[in-house]
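Please open the model in a viewer and keep a selection panel at hand.

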Amino acid sequence: MNLNRELLQQLATERNADAEALLAAGQWAGAFYIAGYAIECGLKACISKLTKPDDFPDKNFARDCYTHNIDDLVRLAGLTADRDADNLSNAVLRLNWQTVKDWSEVSRYELTEESHAREMMKAVSDPNHGVLPWIMARW
């Protein structure tokens with residue numbers, strides 16, 4: 001499988017749709033987990049934008065990219081300053097980032113309440129202040 005920017009963009013979009021479907025079906029834990037995974041894929045699409053096809057990647061940078069930590073992915077994508085500036089001027093976006101940053105791949109082993117899943121979905125996909133639309137504007 002050739003994991004590239006275009007595929008990561010498609011995966012982010014599809015995982016977000018999957019999370020919406022899971023939420024509609026009352027599958028709270030699945031919706032929560034997959035919504036976070038959509039953010040991970042989106043940030044990795046931003047990271048892949050930084051790489052050049054003919055360049056040999058720095059070993060440490062490449063290794064660091066194999067993480068699920070949202071804050072680390074934001075940093076690796078070079079988006080920390082943009083996120084922080086936008087969070088200062090947009091309180092709703094700031095709250096959405098606070099919700100999303102606590103996602104972890106270990107959440108796939110946890111049960112999630114409906115309210116928590118709905119909060120995550122709103123934080124991820126709100127068209128005006130959602131984290132995924134913010135990321136998509138940068139990929």
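Two remarks on conventions apply throughout. This is a predicted model, in which local features need pLDDT of at least 70 and side-chain atom pairs count only at pLDDT 80 or more, while totals for chains, interfaces and linings use all residues. Residues are numbered from 1 along each chain as its sequence is written, and side-chain values use heavy atoms, with hydrogens and water left out.

**Stop 1: His68**

His68 lies in the loop between α3 (59-64) and α4 (70-76); helices here are DSSP runs of H or I with at least four residues, numbered from the N terminus. Because its relative accessibility is 30%, His68 counts as partly exposed (buried is under 20% relative accessible area, exposed over 50%, partly exposed in between, with a 1.4 Å probe and protein chains only).

**Stop 2: the largest nonpolar core**

Next, select Ile39, Leu43, Ile70, Trp97, Val100 and Ile135, which touch the most other members among the 38 residues of the largest nonpolar core. Such a core is a set of buried Ala, Val, Leu, Ile, Met, Phe, Trp, Tyr and Cys residues joined through side-chain atoms within 4.5 Å. The greatest contribution to this core comes from α2, with 12 residues. Centre the view on Val100: outside four places in sequence, its contacts are Ile39, Ile70, Met120, Ala123, Val124 and Val131.

**Stop 3: α2 against α7**

Now display α2 (28-50) and α7 (114-125). Their axes come within 8 Å and cross at roughly 25°, where axes are lines fitted to C-alpha atoms, for helices over the stretch in contact, and angles run from 0 to 180 degrees between N-to-C directions. Therefore α2 is roughly parallel to α7, a class for angles under 35 degrees. Residues at this meeting include Trp28 and Ile39 in α2 and Met120 and Val124 in α7.

Technical notes
Helix = DSSP H or I, 4+ residues; strand = E, 2+ residues; numbered from the N terminus. Contact = heavy atoms within 4.5 Å. Parallel < 35°, antiparallel > 145°, perpendicular 65-115°, else oblique.
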